[in-house]
Amino acid sequence: PDARPKDTAEWLRTQMASISLQAADAVLPDAMEAFQQAWNSFAANDAQRQSGLQAAYVTNNEHPAGEKDKLDFANGSQEYHAVHKMYHPKYRSILYDQNYYDIFMFDLTGNLVYSVYKELDYATNFAIGGTGQWKDSGLGEAFE
């Protein structure tokens, strides 16, 4: 049976309240800062970061498409993997508990530095003036 409320306005109020609570969580700024630092130290430029992180968390991830979130961290000594190991279980739990489509963390230049599900847009750039493949998508518009 469908567990969604029949009243769309009530459903929206519930979702907004949940998002507000998550945004107020003291862990979020720490997670954002940690992912940003780990992103920056992962490789010399965004193209190398995209290639390396997509290989680690998408291409070489043993879990099938739609289940990439089950990987808590990829192998390697890079700081990004330790940060991912620290924060990914928390954000995956929030996603499951709230039945979100995904949870995204962008840096200020539009790089998707973290995503729970690790789809093909993971580690790409969404800035309207950038070269990212999905910059004109709804998520690109949301980033802007």
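This is a predicted model: local features need pLDDT of at least 70, side-chain atom pairs count only at pLDDT 80 or more; totals for chains, interfaces and linings use all residues.
**The salt bridges**

How many salt bridges does a search of the whole structure find? The search finds three, and here they are side by side.

| Salt bridge | N to O distance |
|---|---|
| Glu67 and Lys70 | 3.1 Å |
| Asp72 and Arg92 | 2.7 Å |

Glu67, which pairs with Lys70, is partly exposed at 31% relative accessibility. Lys70 is also classed as partly exposed, with a value of 44%.

The side chains of Asp72 and Arg92 meet at 2.7 Å, N to O. Because Asp72 sits in the loop between helix 3 and helix 4 while Arg92 is part of helix 4, this pair ties together parts that are 20 residues apart in sequence. Asp72 has a relative accessibility of 28% and is partly exposed. Arg92, in contrast, is buried, at 14% relative accessible area.

**The chain as a whole**

Now for the wider setting. The protein chain contains five helices and two strands. Read from the N terminus, its elements follow the order α-α-α-α-β-β-α. There are 144 residues in the protein chain, and 40% of them count as buried. Its accessible surface is about 8500 Å², with 55% of that belonging to carbon and sulfur atoms. If you take the contacts between residues at least 6 apart in sequence, 44% of them join residues at least 24 apart.

**The nonpolar core**

Which residues have the most contacts inside the largest nonpolar core? They are Phe35, Leu53, Tyr57, Tyr80 and Tyr91, in a core of 28 residues. Two or more residues of this core come from each of helix 2, helix 3 (46–59), helix 4 (79–98) and strand 2. Leu53 can be followed in more detail: leaving aside residues up to four places away in sequence, Leu53 touches Trp39, Phe42, Val58, Tyr80, Tyr122 and Ala123.

Most residues other than glycine have a negative phi. Phi of Ala123, however, is positive, near 70°. Ala123 lies in the loop between strand 2 and helix 5, and with a relative accessible area of 2% this residue is buried.

Lys118 is found in the loop between strand 2 and helix 5 (138–143). Lys118 is not a glycine either, yet its phi is positive, at about 55°. Is Lys118 buried or exposed? Lys118 is buried, with 2% relative accessible area.

**The hairpin**

Strand 1 (residues 104–106) and strand 2 (residues 112–115) pair in the antiparallel sense, over three bridges. Across this pairing, Phe106 stands opposite Leu112 in strand 2. Five residues lie between the strands of the hairpin, and in this hairpin Gly110 adopts a positive phi near 100°.

Leu28 and Met105 are 77 residues apart in sequence, and their C-alpha atoms are 9.7 Å apart in space. Leu28 is located in helix 2 (residues 27–42) and is partly exposed, with a relative accessible area of 24%.

Leu12, Met16 and Ile19 make a nonpolar surface patch of about 280 Å². Leu12 is placed in helix 1 (residues 8–24). What is the relative accessibility of Leu12? The value is 46%, so Leu12 counts as partly exposed.

Definitions and conventions:
Residues are numbered from 1 along each chain as its sequence is written. Side-chain values use heavy atoms; hydrogens and water are left out. Patches are made of residues with over 30% relative accessible area and no salt bridge: like charges are joined within 9 Å, nonpolar side chains (Val, Leu, Ile, Met, Phe, Trp, Tyr) within 5 Å. Accessible areas come from the Shrake-Rupley method with a 1.4 Å probe; for residues, only the protein chains shown count as cover. A salt bridge is a side-chain nitrogen of Lys or Arg within 4 Å of a carboxyl oxygen of Asp or Glu. Helices (H or I, at least four residues) and strands (E, at least two) are DSSP runs, numbered from the N terminus. Buried means under 20% relative accessible area, exposed over 50%, partly exposed in between (1.4 Å probe, protein chains only). Contact means heavy atoms within 4.5 Å. Two strands pair if DSSP finds at least two bridges between them. A nonpolar core is a set of buried Ala, Val, Leu, Ile, Met, Phe, Trp, Tyr and Cys residues joined through side-chain atoms within 4.5 Å.
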